[in-house]
Every structure is written in structure tokens, then in C-alpha cells.
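Try each task before reading its solution.

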Amino acid sequence: MELQTISQVSKHFSISTRTLRYYEQIGLITPVKREESAYRAYDAEAITRLRQIIVLRKLRIPLKQIAEVLQSAEARVAIEAFERNLAEIEDEITALSTIRSVIKAFVEYLNLRGTNFALPDDASLLEVVDSLTVSKINFKEEKSMDDLNKANENLNKLADKDVRIVYLPPMTVAAAYATGEGCEGKAGEMITRFVMESGLLTIKPDARSFGFDCSKGAATLGEPSHVYEVWVSIPDDIEIPAPLVKRTFEGGLYAAHVLRTWDFEDWRFLGEWVNESNKYDNDWNSPRWTSPETVAGQGFEETLNFYNYVQKGGKMEDLQLDLLFPIKEKG
């Protein structure tokens, strides 16, 4: 099997290049270097390992447990990890069965009462409900990978409780953009260097940082970014060194969702939530800043707790992202 580039692997498995790099950072996969190129590539062993990771993630196995399973040659380690997850699933099946019985009882009770809503005032029933844990999985026996994918879609679909509506205020930002393979990391490194060398966090400890794909026609899920820009908010009067540029962000309303387990498919789920919303319209392509160099008017990936993240050295394993989708109120 020929070596595959990170772009080829990203596209084939519909997984972002950032997720692949994250798996590398935590030791789940190991790329090789081509003799004629400095770029990373993947051999048959790495591809097989990645396929295993994807299957286990679809089965909701946490990355920490996946690392334990794949780094051990003993079947016992895998069995213990799977049994822990089976125990959790069994608890959730029991909770779902109880919830179904209670809701059926409510329906029967309300049908007998007529038009006035009131729940039965039953102490024993309240004790049953109080004992329930919140169910995370709508579990059923899977018969095929297609069924598994459909179940995974339903599981990951965002509900109203999963999305926050936030307003980003106007701000002045220092912006760095990069192109080509690894452009996200290159732009991020420029911003981190600027923050450290300028002492920005001493001047502005509440600085916020945002990143976004700003290619013409932003990269679709599973494709690497071609142009990526990273911002950090700054005082209006601060001087910034080239190649960084200063931009003025006008502010606006966003639907926000914390990225789950480095699954950038959350962008698609967030977009579906916006498009199905009764209160908000999709405002993705409306520019909220002027950018002669790159495309303006996209969604953001905000680095959470930016102050601590930079102080710790900007390590990928410490990175948490908030996905911010531009919206406007209907009407």
C-alpha cells in the first residue's frame, strides 16, 4: 500500500486534519515522513489503526480507553474497557425503560383527567423519577455499519439544551493567516508568539482568541483547510508586527456549542440546528469585518480559557474549542 498524505486520509475517512493531528499528539497514531518531503504521511499500519479508532469512537468508547486498548497487546485490557462501557449502557437501558413506563403512566393519567394538566401527586412515583440518571444513549442492537452510522447521527444531533446563544461584542483584533498543509497550526503559532513577545496577557488578561477557515468556499467536512486565520483581541492602540494585520470586528449574534471529543462533525450538527431553528436564521455569509486578504463572514472556533492555554505553552491536549455559528433573529 502506498503512503497516503494527511489530506488523502482526511478526505477518505471524512475526518478533519486537526483531529488527525490531535490523535498524533496523544499517541493514538504515528505518521511517517516521506524521504522526498517534510510532510507527514500514513502507511498501512497507521491506516488500520485509524480505522479501529473510528469504529471504537462510533461505539462511544472514550479516547482514553481507546489508547489503553490499542497500546496493549493483551485482550484482557480491551475486555475490561468494553465491559465498563457495557455496564454503563445497561444502566442507561434500565433508566430508559423506567422513563418509558413513567411517561406511559402519565399519558394514561392525563387521558382520564380530561383537559386540565396536572401530574399525579404520588410520593412513590417521585422517588422512582428521582433515582433516574440522565440517559446519554438511545441504545438498540445494531445490525450493520449503516445502522450504526444512523444511530450515531441520532445520538449526536443537537437539542436546544446543547446550544447557547451568545453575543460577541465589537473588538479590535490582531490577525494571522496561513495557507497550505498545517495552516491552522502555522497561524496559531504566529498569534501565540505575538502574545508572548508583546506581553499581551499582562496588558489585556481578558484577551480572546478565534480561528476560522477563510478559504473562498470554506473547506467542507473531511477536507483540510486551505487558508486559516487566527485572531486575538487587542487594545485599539497597540502596535502589531508584520505579517500580522489589524482587523475591526463589528460584533454579532452566534449559536455556540463546545466541540465534543475533537469531532469536527459538530459543525454540521450545529448548522442543522440553526437551519431548523424557529427563532434564528443562518447568517453565515454576512461579513462582520473587512478583510482584503481573506474571506470574511464565517463561523469561529474560539479557544476557551485562552489565558491559561497560552500560559501552559499552547499544548494541543489543553485546547478546548467553542464552535460559534453566526445567526440573526428571525424577522
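**Exercise 1: The largest pocket**

In this predicted model, the largest pocket has a volume of about 800 Å³. Find which residues lie closest to its centre, and which elements supply its lining.

*Solution.* Start at the middle: of the 32 lining residues, Glu 184, Gly 185, Lys 186, Gly 188 and Tyr 309 are the closest to the centre.

Helix 8 (183-198) gives the most to the lining, with seven residues. At least two residues each come from helix 2 (17-25), helix 8, strand 6 (209-213), strand 7 (227-234), strand 11 (300-303) and helix 11 (306-311).

Finally, sort the lining by class: 12 residues are nonpolar, 10 are polar and 10 are charged.

**Exercise 2: The chain as a whole**

Describe how the chain is built and what percentage of its residues is buried.

*Solution.* Begin with the elements: there are 11 helices and 12 strands. Then turn to burial, where 41% of the 331 residues count as buried. For the contacts with a separation of 6 or more, 70% join residues 24 or more positions apart.

**Exercise 3: Confidence**

*Solution.* First take the chain: its mean pLDDT is 82, and 82% of the residues reach 70 or more. Now look at residues 134-145, where the pLDDT is below 50. Beyond near neighbours in sequence, this stretch has 18 contacts in the model.

Notes. Residues are numbered from 1 along each chain as its sequence is written. This is a predicted model: local features need pLDDT of at least 70, side-chain atom pairs count only at pLDDT 80 or more; totals for chains, interfaces and linings use all residues. Side-chain values use heavy atoms; hydrogens and water are left out. On a 1 Å grid over the protein atoms alone, a cavity is a set of points where a 1.4 Å probe fits but cannot get out, and a pocket is an open set with protein on both sides within 12 Å along at least five of seven lines; lining residues have an atom within 4 Å of a point. Grid points are joined across faces, edges and corners, and a volume is the space filled by probe spheres set on the points. Helices (H or I, at least four residues) and strands (E, at least two) are DSSP runs, numbered from the N terminus. Ala, Val, Leu, Ile, Met, Phe, Trp, Tyr, Cys and Pro count as nonpolar, Asp, Glu, Lys and Arg as charged, and the others, Gly among them, as polar. Buried means under 20% relative accessible area, exposed over 50%, partly exposed in between (1.4 Å probe, protein chains only). Contact means heavy atoms within 4.5 Å. pLDDT is the predictor's confidence in each residue, from 0 to 100.
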